[in-house]
Amino acid sequence: MASLLEEILESVEMWLKLIKKPQPYVDPTLDPVLLVPGIAGSILKAVDDENGKEERVWVRILAADYKCRTKLWSRFDPTTGRTVSLDQKTSLVVPEDRHGLYAIDVLDPDMIIGRECVYYFHDMIVEMINWGFQEGKTLFGFGYDFRQSNRLQETLDRFSAKLESIYNASGGKKINVISHSMGGLLVKCFMSLHADVFEKYVKNWIAIAAPFQGAPGYVASTFLNGMSFVEGWEQNFFISKWSMHQLLIECPSVYELMACLDFDWEHIPLLEVWREKLVDGNSHVVLESYSPIESVEIFEKALTSNTVNHEGEIIPLPFNLEILKWANETRKILSRAKVPSQVKFFNIYGTSLDTPHSVCYGNGQTPVKDLQELRYFQPTYICVDGDGTVPVESAKADGLNAEARIGIPGEHRGILCDHHVFRILKHWLKADHDPFYNPLNDYVILPTAFEVESHKEKGLQVTSLKEEWEIISEDTDGQDDVATKKPLVSSITVSQNGGNNQFSSRAEARATIVLHPQNDGKQHVELNAVSVSVDA
């Protein structure tokens, strides 16, 4: 029996070897693409400096909180600008497998159920391969330690080396850089500090959902409450908001996402606190509002006693003014950035979602008595238009000479798998070869259903057709009254008589088109058609 089983296994292995996987289409005319993720968008591995043993610490589901506390928690070193892990025997590295794509594809490759919650560039990578891009030839990734400052020289040196290696691997072709979220700040820092290198190797830079002027509401609550990178039931197995808070409070990258102080906001982002105060011995509840620069004092007071216990040692982690000073200098560098003359810049930003802009703690019935209690209050948000994380106002204000700025209805990370975005990228990357497509006056038709059926009945040939599409466009006129609008229905009937010619046929066709009101930039269209014909 054992020998028979072994023969069966050998036969299966031989059969599998004979099966040739279809070779993906490769377009040799394409210019190379480099994908740059945002905060928390790169796999990180912890390497034991003594024995060289590696383990993935970001992202992971099993034991995620424990590994965050033991391997990712860190302290900022103002002399170097680096944030250094509390575990001094551990170094964090980004895996370079698949030419850098592995680290930014699926952030937890071991996860099976709920895997979409840790997708990052996965859908875009699959889409680009279908367009003719090839890993290691025209498609690359750049992962990095997202705890660090976006202007850390070590990261910028790696980015420079990456550009050079891609340029050489592609035979001297200039590169299309596609960044997402905070990755846009990293690219902009590099462009500001190393404009000559950027111009030498880069052809186009496409920024997607970049917080050019910060993510004010999202970051303000992060300093006080932490943040979650995984939503839904998977969050129960992931890093707690408190552990994330203790990690991010020492990350320069987070401070660099604060609201830009020099930007002319339409409405200044505020931190609001309902406070209970004693006046002449009487208790009064008042709503106090703080501008971005005034909020710093509130963060200081709220976090003055914040500590962590690392292997029995109590370590203070207050709001870090040294990091804030570093981040303010980063903002100056970003403000000086210019797009080199030989490079084209494009900006895609998310719209149509409530996005935190100002943050409020407490209320008239439950005021904040002590600022150190802020960490235990749930924030409420005053929202503006954006992608749920970055306000439109911030994402559009790149301060650069842009070839195009296009708003797409979509969520901050979900926009990376949006078919509308794919259509625009395909055009900008010259992977569609369609000279008439214009993303600035854009609409995309996505087929969602197609059914056709034909049969004979009592000497008649009957054919029915049902087809549905979604038309996605930037036109949002009149969307405020979508609920009260009714679908538009139009019908057409075409008949053909046999006439005097006995060999001609009689036929009739009827089609009905239903055009539903536009909602969230999408318009649903239905076509139902029936044709009946009879031979003379």
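Does glutamate 288 count as buried or exposed, and at what relative accessibility? At 14% relative accessibility, glutamate 288 counts as buried, where buried denotes under 20% relative accessible area, exposed over 50%, and partly exposed the range in between (1.4 Å probe, protein chains only).

The model is predicted; local features were required to have pLDDT of at least 70 and side-chain atom pairs pLDDT 80 or more, whereas totals for chains, interfaces and linings use all residues. Residues are numbered from 1 along each chain as its sequence is written, and side-chain values use heavy atoms, with hydrogens and water left out.

An open sheet of mixed pairing is formed by 4 strands in the order E11-E10-E15-E16. Helices (H or I, at least four residues) and strands (E, at least two) are DSSP runs numbered from the N terminus, and two strands are taken to pair if DSSP finds at least two bridges between them. Strand E11 (282–290) and strand E16 (380–386) are the edge strands, each pairing on one side only. From one strand to the next, the twist averages 25°. Strand E15 (residues 353–361) runs antiparallel to E16 and is joined to it by 7 bridges; cysteine 360 has threonine 380 in E16 as its bridge partner.

Helix H7 (residues 216–225) lies across E15 and E16 and runs at about 45° to E15. Helix H10 (residues 292–302) packs on the sheet, where it touches strand E10 (271–279) and E11, and its direction makes about 130° with that of E11. For these angles, axes are lines fitted to C-alpha atoms, for helices over the stretch in contact, and values run from 0 to 180 degrees between N-to-C directions. Contact means heavy atoms within 4.5 Å.

The structure holds 20 salt bridges, each defined as a side-chain nitrogen of Lys or Arg within 4 Å of a carboxyl oxygen of Asp or Glu. One of them links glutamate 288 with lysine 277, the closest N and O atoms being 2.4 Å apart. Because glutamate 288 lies in strand E11 and lysine 277 in strand E10, the pair ties together parts that are 11 residues apart in sequence. Lysine 277 counts as partly exposed, at 34% relative accessibility.

Within helix H10, lysine 301 and glutamate 297 are 4 residues apart, about one turn of the helix. Their salt bridge has its closest N and O atoms 3.1 Å apart. Lysine 301 is partly exposed at 40% relative accessibility, as is glutamate 297 at 43%. A further salt bridge joins arginine 405 to aspartate 398, with 2.7 Å between the closest N and O atoms. Arginine 405 is partly exposed, with a relative accessible area of 35%, while aspartate 398 is buried at 1% relative accessibility.

When residues up to four places away in sequence are not counted, the contacts of isoleucine 208 include Met124, Ile178, Ile348, Val421 and Leu425.

Leucine 62, in the loop between strand E3 (54–58) and helix H2 (64–72), is exposed, with a relative accessible area of 67%.
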